[in-house]
Amino acid sequence: MSDQTTKPWRAAMVEIARRSVRFGVAGVWPNSLAGRTALVLAASLTLVQAAGLAIYALDRMDLLTLAMQRDAAVRAISLYRVVSLSSPDGRRAALATAEQDGGVSARLQADPPVTELAYTAAAMQRQFRADMLLVPLPQEQRPREIAILGGPQSQRFVIGFRMEDRLWLNMDIDLPTPRPWQSNNFLAAFLLMAVVATVLSVWAVRRRIAPIGTLAAAAEVLGRDVNAPPLSQEGPTEIAAAAMAFNTMALRIRRFVQDRTFMLTAIGHDLRTPITRLKLRAEFVDDDDLRARMLNDLDELQAMVSATLAVGRDITADEPATRVDLVALLRTLLDELSDTFPDHAEHLTYTGPDSLPIHARPLALKRAIVNLVQNALNYGGLARVSLAPVRNGLVTLLVDDDGPGIADAKLEDVFQAFLRLEPSRNRETGGTGLGLTIARNILRAHGGDVKLENRPSGGLRVVVTLPV
Ligand SMILES: Nc1ncnc2c1ncn2[C@@H]1O[C@H](COP(=O)(O)OP(=O)(O)OP(=O)(O)O)[C@@H](O)[C@H]1O
Ligand SMILES: [Mg+2]
C-alpha cells in the first residue's frame with residue numbers, strides 16, 4: 001500500500017533530478033571546442049587540487065588532534081600534580097585555586113569517572129603513562145590507577161586518577177575541533193591558484209585551438225575567391241598537415257576552375273571564325289526574309305560568344321583589391337552611362353553619402369554594378385541608385401526602377417546564365433542573359449551578394465550588399 005503511494009512521488013523526484021542535471025549541464029556546457037576543453041581542464045585541475053588539499057587537511061587534522069591531546073594530557077597531569085602534592089585535607093582548596101583552562105575541568109570524587117568502559121583505551125593509557133614522565137613527580141605521588149574513556153582520535157574524553165587516599169581526581173577534557181587550515185590566507189591562496197590555473201588553461205587552449213578558426217576562415221575565403229593566398233603550413237604537426245591538405249585542395253579547385261574557364265574561352269574563341277564565315281555565306285542567300293533571320297540568329301550567336309569570352313576574362317583576370325571610394329565609382333559609372341545613353345541622362349540618379357571607401361577590385365565591381373544599372377535602364381526605363389548607411393560592416397546599395405519587375409517565382413532564376421525572361425534577344429533591350437550571373441559572381445567574390453525584390457509601389461529593386 002505504502003509502496004503504491006510512494007512510487008509516483010519517487011518517479012517525479014527522479015524526473016526532476018534528471019531534468020535539473022540536464023539543464024545544469026546544458027547551461028554550463030559551452031558550444032565552442034576551446035570552451036569545452038578549457039572547462040574540462042579547469043574542472044580536472046580544480047578537482048585534483050581539491051583532492052590534494054583534502055588529503056593534506058585530513059593529515060593535518062590528525063596531527064593537530066594528537067598534539068592537542070598531548071598538550072591536554074600534560075595539563076591534566078600538572079593539575080594532578082598540584083592536587084596530589086598538597087595534603088589530603090587541602091586538596092579541594094588546591095583544586096579550587098589551581099588553574100583549570102584549555103578545556104580541562106576537574107573535580108574530586110570517591111568513584112572513578114567511568115566504570116565498565118574504563119581501562120579500554122589502552123593506547124591512551126600508555127600515552128598518559130609516558131606523558132607522566134614529562135612532569136616531575138615523586139614515585140609515591142604517582143596515581144595508583146588511571147581510568148580513561150576516549151579514543152586516540154577523540155575530541156572529548158574523561159580521565160580519572162586515583163590518589164593514594166582512594167579519592168579520584170576526575171577530569172573532563174574537551175578539546176577544540178581542529179581546523180583543516182590555520183590561516184584564512186590559506187583558502188584565499190587556494191582560490192587564487194584555482195583561478196590562475198583556470199585562466200592559464202583557457203589561454204593555452206585558445207591558443208592551441210586558434211588554427212582551427214584560421215582553417216574555417218580560409219575555407220570561407222576560398223568559397224568566395226579561388227585565388228585566395230595559401231595557408232601557412234607552420235605549427236604543430238597535425239595543424240601543419242591540415243593546412244597542407246587544405247592548400248592542396250585549394251590548388252585542385254583552382255586548377256579545375258581554370259581548366260573549365262579555359263575550355264569555355266577556347267570554345268568561344270574557336271566559334272568566332274565559323275560564325276563570321278557563316279555570316280559571309282548568309283549574305284549570299286537570295287530570300288530576303290530568310291537572310292535577315294539567319295543574320296539575326298548569327299548576330300545573337302556572336303553576342304553570346306563575346307559574352308562567354310568576357311566571363312572567361314573576368315574569372316581569369318586577377319585584378320588586385322585596393323581601397324576604392326564606392327561613391328566616386330558610382331558617379332563615374334553613371335556619368336559614363338549618361339554619355340552612352342544621352343536620352344537617359346536624367347533617368348540616372350544617385351542619392352547617398354559623398355564618399356564611402358571600401359576594399360574592392362574596382363574594374364570588376366564596376367562591371368557588376370553597370371550590369372545592374374543597365375538592366376534597370378533597359379527593363380525599367382530609369383535607374384535610381386542609392387547607398388544606405390553602413391550597418392554591421394556591410395554597405396547596402398539599391399538600384400530601383402519603375403519597370404514591370406519580375407514575377408516572384410523568377411526572382412532567383414534570372415541569376416542563371418543565359419536565362420532571359422524576354423525571349424527576343426534583340427539589341428535594344430539587352431543581350432545574352434549573363435549580366436546578372438556576372439554581377440552575382442563578382443559581388444560574391446567580394447564577400448557580398450545581390451538579390452532582387454519587387455517594390456510594393458511597382459518596379460524592381462536590386463539589393464547589393466558589400467563588406468566595407
Ligand atoms: N530591372 C529589371 N526589370 C525587369 N526584368 C529584369 C530586370 N533586370 C533583369 N531582368 C530580367 O532578367 C533577365 C536576366 O538579366 P541579365 O542581366 O542576366 O541578362 P540580360 O539583361 O538579358 O542580358 P545581358 O545583361 O547579358 O546583356 C533579363 O533578361 C530580364 O528579363
Ligand atoms: Mg542585363
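# Reading a predicted model

Trainee: Does Arg-10 count as buried or exposed?

Mentor: Arg-10 counts as exposed because it has 10 C-beta neighbours inside 10 Å. The cut-off for exposed is 12 or fewer. Keep in mind that this is a predicted model.

Trainee: Where is the place of Arg-10?

Mentor: Arg-10 sits in helix H1, which covers residues 2-28.

Trainee: What share of the residues is buried?

Mentor: Buried residues make up 18% of the 468 residues. As for contacts with a separation of 6 or more, 64% of them are accounted for by residues 24 or more positions apart.

Trainee: Where does H6 bend?

Mentor: H6 bends by about 25° at Arg-272. A proline, Pro-274, follows within four residues.

Trainee: Which residues of H6 are buried, and what covers them?

Mentor: The general idea is that an α-helix has 3.6 residues a turn, so residues three or four places apart point the same way. In H6 the buried residues are Ile-239, Ala-243 and Ala-250. Their cover includes helix H5 (184-224).

Trainee: What does the length check give for H2?

Mentor: Helix H2, residues 33-85, has 53 residues and reaches 77 Å from its first C-alpha to its last, close to the expected 78 Å. Among the buried residues of H2 are Ala-38, Gln-69, Ala-72, Ala-73 and Ala-76, and the list also includes Tyr-80 and Val-83.

Trainee: What is the value of phi in Asn-392?

Mentor: As background, most residues other than glycine have a negative phi. Phi of Asn-392 is near 55°, a positive value. Asn-392 is found in the loop between strand E8 (383-391) and strand E9 (394-400). With 7 other C-beta atoms within 10 Å, Asn-392 is exposed.

Trainee: What is phi of Phe-418, and where does Phe-418 lie?

Mentor: Phi of Phe-418 is near 65°, again a positive value in a residue other than glycine. Phe-418 lies in the loop between E9 and helix H10 (435-445). Phe-418 counts as exposed because it has 12 C-beta neighbours inside 10 Å.

Trainee: How many residues surround ligand 1, and which are the closest?

Mentor: Ligand 1 is surrounded by 24 residues, and the closest are Tyr-379, Leu-421, Gly-431, Gly-435 and Leu-436. The elements that give two or more residues to this shell are helix H9 (362-380) and H10. H9 gives the most, with five residues.

Trainee: How do the residues of the shell divide?

Mentor: The shell around ligand 1 divides into 10 nonpolar, 11 polar and three charged residues.

Notes
Residues are numbered from 1 along each chain as its sequence is written. Chains are lettered from A and ligands numbered from 1 in the order in which they are written. This is a predicted model: local features need pLDDT of at least 70, side-chain atom pairs count only at pLDDT 80 or more; totals for chains, interfaces and linings use all residues. A residue is buried if 20 or more other C-beta atoms lie within 10 Å of its own, exposed if 12 or fewer, and partly exposed in between; C-beta atoms are placed from the backbone. A residue is near a molecule or strand if its C-beta atom, placed from the backbone, lies within 6 Å of it. Ala, Val, Leu, Ile, Met, Phe, Trp, Tyr, Cys and Pro count as nonpolar, Asp, Glu, Lys and Arg as charged, and the others, Gly among them, as polar. Two residues are in contact if their C-beta atoms, placed from the backbone, lie within 7 Å. The bend at a residue is the angle between axes fitted to the seven residues ending there and the seven starting there. The expected span of a helix is 1.5 Å times one less than its number of residues.
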